[in-house]
Every structure is written in C-alpha cells, then in structure tokens.
Amino acid sequence: MPPSVSVTKKNMIVVSNRLPLSIKRVDDGFESNLSGGGLVTSLSGLTKSTSFRWFGWPGIEVKDENEQEKVLKSLSEHNAVPIFIDEQLAHDHYNGFSNSSLWPILHYQSGVDFDDGTWQAYKRVNEIFADIIAEEATEDNMIWVHDYHLMLLPSLLRERLEKKGKTFAIGYSLHTPFPAEDVWKTLPVRNELVEGVLASDLIGFHTDEYKRNFVACAQTVGASTETEGEIQYKDRTIMADKFIVGIDPQKFSDALQDSDVRNRIQELQERYKGVKVILGVDRLDYIKGLTPKLKGYDYFLDNHPELSNKVVLIQVAVPSREDVKEYQELETEISTIVGKITGKHATADGTPLIYIHRSVSFTELTALYSLADACLLTSTRDGMNLVSFEYIACQAQRHGVLVLSEFAGAASFLKEGSITFHPANIPEMSDSIEEAVTMSAEDRKRRYEGLREFIETNTSAKWGEAFIERLSERLQPS
C-alpha cells in the first residue's frame, strides 16, 4: 500500500457586511448561533478540505471594551470575528450609501441622489474592515469578500496586506445584478468602486450578462479585456466568471417528510380544495415588482371573471429595510392596492387575494410551496431569485408552474421550463397567469422535469466548491 498522504487544509477568510450569526445578550454575557441559510449552507460541505473564519459586523453596537471581549469570545466558538462599527456609521454605510445609492443603481433604478456624507461612511466602513482583516490574517491563503456593501475592500485589503508582506488570493462575489454601462455611469464614484473590485484575483457573478456589464465598465478605467474571462489591470491578471448560485434541494425534500409540514399541507389542501393557488414570496422591496404584480393580477381577475372564484393569490411580503423612507412608502402603496383588489373582487364566499405582510415559519413556507399550483415572481431586476429554486424543490408531486419575470437572474437558466414575461406588460402578465392555471398535467410535468434537473445540478454547495477551487488556483507558490 502507498504511504498515507497528509492533505493540507486550505484556510479561507469569508467576509460579509453582516456575520451569518445571531447574537443576543444573555445574563452577563452574549450568546451566538450560526444561521442555517446563505453562505453557511453553501460552505458547510467543504469543512473537510477548507477551514473558514468569518469576518463581519455582528449586527449590534457594542462600545464598551469589556463587552466587546465577551462578544469576541462568544463568536470565536464559531470561528467568527466581529468588526465593531459605531451605530451612526453603520446606518450611513448600510441604509445610506449601500441601500439608498448603490443598490438602486445596481438594479437599474433611475433618479438616485448621491450624498457625499454617506459615501464617506461607506469608504470608512470598508477601511475599518480592511484594517482588522489585514491584522488578523496570519495564514498565507484565501480571502472571499461578498457583495455590494464591500466593493472597495479588495483594493484596501491588498494594499494593507502587501505592506505587511502577506500574500493572499482575494476573491469577490457580487450577489446583485451589475448594470449596463450607461446606467452605472450615473454614479459619480463608479470608477473607485470598479477599481476596488479589480484588486481581486477572481470575481464571480451570477450570470454572463452581469459579467459582461462589469467587464465593459472595467474598460472605462483602463483595463484590457482582450482574452475571454480575463481582465488585465495594473500589471495584474484578474479572472472574471459566472458562478451559478443555488440552494440545497435536500433541505426541502427532508422538510416535506416532516409530520408538521405534512399536516399543514393537508390542512391547506382542504381549505383550498377546488381552487388554483398562485403563490408569491418576496421581500418587500421595489425590485421585486410587487406593485406591477398586484396590478397584473387585478387585470387578470377583471378579464377572466370565469376564473375569479377558482383562483387565489397568496402573497407573502417579508418586511425589509423598514427604517428607509422609500420602503415605508412602498408598503403603504401596496397595502392600498391590496385593499382595492379585495374590495373589488371579494365576495361572501371568499377573496381571491390573501396578503401576508410578515415573515412566515419554514414549516409554513414549505407547505405553501408544496400547495401552490403556480409561483408568480415579477422582479423588475433581481440578482438571481432563489425563491424560484425553492418552489421547484417542493413540487415533485404537483409539478407546479413557475411564472417568472424575464428580469430575474434565474430566468437566464429557467426560461425553458417556466413561463416568462415582461413585468411592466400587464396584459402579458395576465396571459401568463391564465396559461399557468389552465395548463395540462402533461405540460406541467414536462416543464417541471427540466427545472428539477437544473436545481439539483446547480446546488449551493457546488457553487461554493467551484468558486473556492478557482480561487485556490490563484494562490501564488511560496
């Protein structure tokens, strides 16, 4: 037998604006728990080959140094390092520049105001992250930075690490769209943000379109992009590619076997017997197209009175960024439209619209996914929209129909098996709803099989594994 080979573990620092943990005060200390979603799920299967340390804001303000030590001790149990930020600075960075200026431009929103004060806060937070990570990073290996809150971080990190004589491969993943050049150039600080990201060794996007848009914008700051998938900038070669983010389908398959979920499905089936259920699950955000969705559904009810008592739209709108003025105004607008639709179409026998403005439990969500004959997603722009994947994962028996906006990133991959439409075209949306609720069982099954194959092939674990494998190739030999 050959002698055993010792495999050296890769060391990965994962950086996000917010740590993937919940932390709360308990007696004289703090208690932290790792969340079960997002990045944690994606990377959980890679712990044998890679050790992870998480860096990010803990979500609470802790000024006292003794209290900070207690938080640090609690988080260290999960290999997490808190980056403490003053409450006002955190607000200006997150609610200010990140979500009032950068987020809307990334999602093709017009008329966005630029505020230099919040931009300075954004820069300062990125600097704080860079200072702490550069100091704490002791192993020459990999750093993976996530999302639009930290676009300056790769550049700031590289500068500090080089001064300390440390060598790291830096990866960056954007979880939103990246817009076309004519939209991006409306942001006064666009070049600084692009240059910040270009300090990475590997840049990941959800779709080829987002990658192409970024590459075009990189050219405007002097980058050369003659070779597909490569960007030459400041004597460095940066790789840029598409990495398809997914979900863990097994999580939903397992949930569907849970007795509580099965009981809830049975209750809902009795409640909606003889009725076609259309489901919408969205954060309450203007990019999710909730206003056009409700208008399109109202149009559908007006033009198909023969179906008005045979369909119901259950719309879950999870509260989001409730302290941001634009989101408060959106919630008011949606509540008004819901009231008008209910007033117009409800009868003593029931209502064709149920609006749930709160989070729902995983048990309830899984049951709703399983129950629904169609899932209606109307994003005006969306990085991917994993609700579409979750719905597919719960439809092995019913073969429900996915009705999907062509502007969701998921539409790039799911177009063949779903019904796609333009969310601003209300008659087209209405026709898509009608097609979904009247589709034959044979067509539903045929469409569904392709969708199921896609989500089982492109899982969250494979996304994480693919990115880390590509990033590890950029490690410079010692």
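What covers the buried residues of α5? I opened the predicted model with that on my mind.

**Entry 1: helix α5**

I began by listing what is buried in α5, which spans residues 153-163. The buried residues are Leu153, Pro154, Leu156, Leu157, Arg158, Arg160 and Leu161. Two arginines sit in that list, Arg158 and Arg160, so I wrote them down with care. Their cover, I found, includes the strands β1 (10-18), β6 (142-146), β7 (169-173) and β10 (236-242). The helices α4 (116-136) and α7 (190-197) are also among the covering elements.

**Entry 2**

Next I traced the strands. I got an open sheet of eight, with mixed pairing, running β5-β4-β1-β6-β7-β8-β10-β9. The edges are β5 (80-82) and β9 (230-233); each has a single partner strand, so one side of each is left without a neighbour in the sheet. From one strand to the next, the twist averages 20°.

I then zoomed in on one pair. β7 runs parallel to β8 (residues 202-205), and three bridges join them. In β8, Leu202 is the residue that Gly171 stands opposite.

α4 touches β1, β4 (50-57) and β6, and its direction makes about 150° with that of β4. α5 touches β1, β6, β7 and β10, and its direction makes about 170° with that of β7.

**Entry 3: α3 against α4**

Staying with α4, I looked at its meeting with α3 (residues 87-106). Their axes come within 8 Å and cross at roughly 115°, and the crossing is left-handed. From α3, the contact uses Leu89, Asp92, His93, Gly96, Phe97, Ser98 and Leu102. From α4, I noted Thr118, Trp119, Ala121, Tyr122, Arg124, Val125, Asn126 and Ile128. Sorted by type, the contact residues come to eight nonpolar, five polar and two charged.

**Entry 4: α11 against α16**

How do the axes of α11 and α16 cross? For α11 (residues 290-303) and α16 (residues 426-438), I read roughly 65°, with the axes coming within 8 Å. The two helices are therefore roughly perpendicular to each other. This crossing is right-handed. On the α11 side I logged Pro292, Lys293, Lys295, Gly296, Tyr297, Tyr299 and Phe300. On the α16 side the contact is made by Ile426, Pro427, Met429, Ser430, Ile433, Glu434 and Val437. My tally for this contact is nine nonpolar, two polar and three charged residues.

Terms used:
Residues are numbered from 1 along each chain as its sequence is written. This is a predicted model: local features need pLDDT of at least 70, side-chain atom pairs count only at pLDDT 80 or more; totals for chains, interfaces and linings use all residues. Side-chain values use heavy atoms; hydrogens and water are left out. Axes are lines fitted to C-alpha atoms, for helices over the stretch in contact, and angles run from 0 to 180 degrees between N-to-C directions. Helices (H or I, at least four residues) and strands (E, at least two) are DSSP runs, numbered from the N terminus. Angles under 35 degrees count as roughly parallel, over 145 as roughly antiparallel, 65 to 115 as roughly perpendicular and the rest as oblique. A crossing is left-handed if the near helix is turned anticlockwise from the far one by less than a right angle, and right-handed if clockwise. Contact means heavy atoms within 4.5 Å. Ala, Val, Leu, Ile, Met, Phe, Trp, Tyr, Cys and Pro count as nonpolar, Asp, Glu, Lys and Arg as charged, and the others, Gly among them, as polar. Buried means under 20% relative accessible area, exposed over 50%, partly exposed in between (1.4 Å probe, protein chains only). Two strands pair if DSSP finds at least two bridges between them.
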